[in-house]
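Visitor: I'd like a quick walk through this one. Can you take my questions as they come?

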Amino acid sequence: MTIDNKELKVAALKEGTVIDHIPSDKLFKVIAILNLKNTHSQITFGYNLDSAKLGKKAIIKISEKFLEQTEVNKVALIAPHAKINIIRDYKVVEKMALNYPQEVIGVMKCLNPKCITNNEPMKTKFRQLHPSAETYVCQYCEKTVDVEDIIVL
């Protein structure tokens with residue numbers, strides 16, 4: 001017996017969020033920063049899926065959850081070229097293409113141990129060095145952080 005049409009079928013999402021075009025090596029980091037292991041929502045993810053753009057990609061479908069802006073910023077720092085689709089009544093009602101955010105507040109840790117944000121109860125604040133840069137600078141101590149060194153809170 002042979003199967004001519006090999007296709008993986010996943011149940012459609014009625015309400016929720018789909019994060020697509022995540023580089024495969026970033027999938028579990030995105031799951032961790034969104035704290036999805038502690039959610040009560042139904043989650044489906046695919047890993048090492050074929051992608052014309054990325055070679056291999058990952059996808060996350062989260063039922064009945066819509067990301068807040070801080071969560072979107074966290075995903076953008078880890079997977080800046082991912083796509084977020086908002087699903088309502090089985091239809092895509094909004095599509096967001098991610099890029100590195102220009103400003104990040106309360107999302108990442110300053111790597112300078114002497115920075116006031118590491119010694120006082122206050123939110124961190126970083127700005128992107130310039131629009132195409134993969135580097136951020138702390139508003140308070142001016143320490144620069146490359147995206148591959150970012151520690152997401």
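Predicted model: local features only at pLDDT ≥ 70, side-chain atom pairs only at ≥ 80, totals over all residues.

Visitor: How many helices and strands does the chain have?
Guide: Two helices and nine strands.

Visitor: And what does the C-alpha trace span?
Guide: About 65 × 30 × 25 Å along the principal axes.

Visitor: Switching to rings. How many aromatic pairs are there?
Guide: The count comes to two aromatic pairs. The rule takes rings of Phe, Tyr and Trp (its six-membered ring) with centres within 6.5 Å; planes under 30 degrees apart are stacked, over 60 edge-to-face, the rest tilted.

Visitor: Why is the pair of phenylalanine 28 and phenylalanine 45 edge-to-face?
Guide: Because their planes stand at 85°, with the ring centres 5.7 Å apart. The pair links distant parts of the chain. Phenylalanine 28 is in helix H1 (residues 27–33), phenylalanine 45 is in strand E2 (residues 43–51), and they are 17 residues apart.

Visitor: Which residue forms the tilted pair with phenylalanine 28?
Guide: Tyrosine 47. That pair is 5.4 Å centre to centre, with 55° between the planes. Tyrosine 47 is in strand E2, 19 residues from phenylalanine 28.

Visitor: How accessible is phenylalanine 28?
Guide: Phenylalanine 28 is partly exposed, at a relative accessible area of 47%. Phenylalanine 45 is partly exposed at 43%, and tyrosine 47 is partly exposed at 41%. The cut-offs: buried is under 20% relative accessible area, exposed over 50%, partly exposed in between (1.4 Å probe, protein chains only).

Visitor: What share of the chain is buried?
Guide: 39% of the 153 residues.

Visitor: New topic. What sits over the ring of phenylalanine 66?
Guide: The charged end of arginine 88, 4.1 Å from the ring centre. To count, NZ of Lys or CZ of Arg must be within 6 Å of the ring centre and within 35 degrees of the ring normal.

Notes
Residues numbered from 1 in each chain as written. Heavy atoms only, no water. Helix = DSSP H or I, 4+ residues; strand = E, 2+ residues; numbered from the N terminus.
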